[in-house]
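Trainee: I want to learn how to read a protein model. Please show me one, and we can go through it feature by feature.

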Amino acid sequence: MSSDESSADITIATTIPQEGAFSSMAEEMEQGYDLGVAHIEETLDQEVELLVENDESDPSVVIESLRKMAGDADMIWGSFSSELVTAGSSVAESEGIPFVAAYFAQEAPHRNEDYEWTYAAFPKSRDVARSTQGLLETIPEGERPTNVGIWEPNSDWGEEQSDSWEETLGDAGYDIVLREQYEYGSSDFSTMISQSANQNVEVLLSVPTPPDGITMIEQIEERDFSPDLTKFVRAADPQDWWNALGESGEYVCMCPGWVPGMTGNGNEEMWNAYVDEYGLEDDAFIRTAVGGGYNVAQVTAQAIDAAGSTDPSDVQGALQSETFETVIGSFSFEENGLPTEGELTAPTGQWLDGNQYTVYPETDDDRASDLQYPIPAWSER
Amino acid sequence: MVSPELAFESLLNGLLIGGTYAVAALGLSLVFGIMDVVNLAHGHMLMVGAYVGILLFAATGITPLLGMLLAAALLFGFGVFLQRVLLERVVDKGMEQPIIVLFGLALVLESGGRIVLGSEPQRASLGIPGSSIPVGPAVLSFPRVVTFVVSVALIVAVWAFLKYTTTGLAIRATAQNTDAAQYMGIDTGRIYIITLGLGTALAGAAGALLSILFPFTPYAGWSYLLKAFAVVVLGGVGSVIGTLVGGLLLGVSENVGVLFIGGGYRDLISFSIFLLVLLVRPQGLFGSSGGGE
């Protein structure tokens, strides 16, 4: 059935990692997309059908599933992580369908693949590195750490993000005292922990998968290694971080694209819609991947509205020319689908009392906090 | 430049992790050495043992140090059932048929585990208070030290069983020459049942023990199988002490090796050693016809 034959006005295809390494993000991500669909329907007064398949955190399944759905789709939304989103973009590029994705920090595909249909509505590696520098600069100069350690997963994004951190923080005067690679899915991080303790790493940075990140913290605690600040991009994003680690996961920072505590650009509407749809206990916060998904839907709504149709070329033109106001900020796209450099400030959150508070940039929301630094030693918690 | 303190800590960590490699490989080594059966489901049986430890800990708070007894008992029963119902029919029909049966079993355990347990990593904990242990300039993880001690104790107990009990003697005799053992009045069919039961029980116990240190998913079986193979080849098929030494050597080689060539190459180190030993000394460091020392 082609999209013309669909009963819906707009048909969107996506895959979600309901199993595998990224499955802990699936529920939050799907909530964000579902709220986003309601947002588009309300904004454009058109019916939207969201086609969803489980990609099992496997790039080949992403491609296979999207190929099956592409014939019906006016647009594709990305899965979670640069690895899976890159796989999805290959279908969009070959089929000529606009593709909008969050959770996609890797820059290299945009630079190297001459994308025409892929748009990353999300901070990139360079933004994450700049945000890390900004976060460190919130610490008074006399107390600021100097020794940075990077644990680099052996992936394209792992290398790219580590390069960005090394360059940005090195240029800002920090000492990169350790940059050590590990294999995805490793179960033993003892050597890296020993190396970090030996090099007096004060700031520990990595981009692990959630399972790897949880294992890292468990082994860091067992070894009684206490860096002053830990930032685990992606691993610390999902609620499962807290479910698995409890208070051992406290104080760890993340950079998930959207963090509770961000304001403006539809944040209040998203919170209200979330509470109406799913309910929320008094002290609980919406989870980070909800915001990323909702932001993708906001981009979609604004692009289709500006295009005046779902014709792929018209939507592509709107994506290329418009400025988008979304819960993660205000931005336009560069020619190759990257968010225009400097427009997005990648927000950093920190786990405090079981919730993810915005610690950078500073906002006046109740869900924002000052960075807790230095992290208390394990024995003092 | 690697400092002496760092090298020392990595060496100790390598020994600790090597003990767990050894206990993970022990059941595979015995079944291979005594029955000439390559248990391709060994890693998956270990995974089942891990989940016994994890679920028991989650439900009752019982430490996997005790949970391993339940895991061993359950897996022993499973091994006996497996031998009597499946393997007995194919064990004397060459290497291929048992391998196919056990490969199929591995897939069943993996798929069944995924359906019943999901694919999220799960882990137990030691369940007893402890903190890190300073040893000279090194700091060691308390759970790793405890699991190492239990692993070595378990390996020594198996060695003593094979060395000093009548059943152990019969197992070793069967391993050396099955026909001669039968002529001497040994019920080799029963010995095979005991051996597979012992091998699977050891996989279960190792799994419960390792659940203290590492997260498990239903997919974890293959990686533990590969690591166990490396240890068995290094130490020598069927040799209990060889398995311990093989595990320790592998652990130390990995941990010290990654200091010099990087953590991204941990598996490269393991399997380079595996291939090197196969080339230079295919019977392993303590290779014998099996049956334990």
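This is a predicted model: local features need pLDDT of at least 70, side-chain atom pairs count only at pLDDT 80 or more; totals for chains, interfaces and linings use all residues.

Mentor: Residues are numbered from 1 along each chain as its sequence is written, chains are lettered from A and ligands numbered from 1 in the order in which they are written, and side-chain values use heavy atoms, with hydrogens and water left out.

Trainee: Are Cys253(A) and Cys255(A) buried or exposed?

Mentor: Buried means under 20% relative accessible area, exposed over 50%, and partly exposed in between, with a 1.4 Å probe and protein chains only. Cys253(A) is buried at 0%, and Cys255(A) is buried at 2%.

Trainee: Next, the strands. What is the order of the strands in the open sheet of chain A?

Mentor: Helices (H or I, at least four residues) and strands (E, at least two) are DSSP runs, numbered from the N terminus. Two strands pair if DSSP finds at least two bridges between them. In chain A, five strands form an open sheet in the order 2-1-3-4-5, with parallel pairing. Strand 2 (48-54) and strand 5 (118-120) of chain A are the edge strands, since each pairs on one side only. Inside the sheet, three bridges pair strand 1 (residues 10-16) of chain A with strand 3 (residues 75-77) of chain A in the parallel sense. There, Ile12(A) stands opposite Met75(A) of strand 3.

Trainee: Which residues lie on each side of strand 6 of chain A?

Mentor: In a regular strand the side chains alternate between the two faces of the sheet. On one side of strand 6 of chain A are Asn147(A), Gly149(A), Trp151(A) and Pro153(A), on the other Val148(A), Ile150(A) and Glu152(A), and all are buried. Strand 6 (residues 147-153) runs parallel to strand 7 (residues 175-182) of chain A, and seven bridges join them. Gly149(A) stands opposite Leu178(A) in strand 7.

Trainee: What about the backbone angles? Which residues does a cis peptide bond with omega about -5° join?

Mentor: Most residues other than glycine have a negative phi, and most peptide bonds are trans. The cis bond with omega about -5° joins Tyr360(A) and Pro361(A). Another cis bond, with omega about -10°, joins Tyr373(A) and Pro374(A). As for phi, Ser81(A) has a positive value near 90°. Ser81(A) sits in the loop between strand 3 and helix 3 (82-95) of chain A and is buried at 5%. Tyr103(A) also has a positive phi, near 50°; its place is the loop between strand 4 (99-101) and helix 4 (108-112) of chain A.

Trainee: How many salt bridges does the structure hold over all chains?

Mentor: Side chains of opposite charge can pair when their charged atoms come close. A salt bridge is a side-chain nitrogen of Lys or Arg within 4 Å of a carboxyl oxygen of Asp or Glu. The structure holds 21 of them. In one, Asp163(A) meets Arg179(A) at 2.8 Å, N to O. Asp163(A) is in helix 6 (residues 156-171) and Arg179(A) in strand 7 of chain A, so the pair ties together parts that are 16 residues apart in sequence. Arg179(A) also meets Glu166(A), at 2.6 Å, N to O. Glu166(A) is in helix 6 as well, so this pair ties together parts that are 13 residues apart in sequence.

Trainee: Which salt bridge crosses between chains?

Mentor: One such pair is Arg266(B) and Asp188(A), whose closest N and O atoms are 3.6 Å apart. The pair runs from helix 11 (residues 266-280) of chain B to the loop between strand 7 and helix 7 (190-198) of chain A. Arg266(B) is buried at 9%, and Asp188(A) is buried at 6%.
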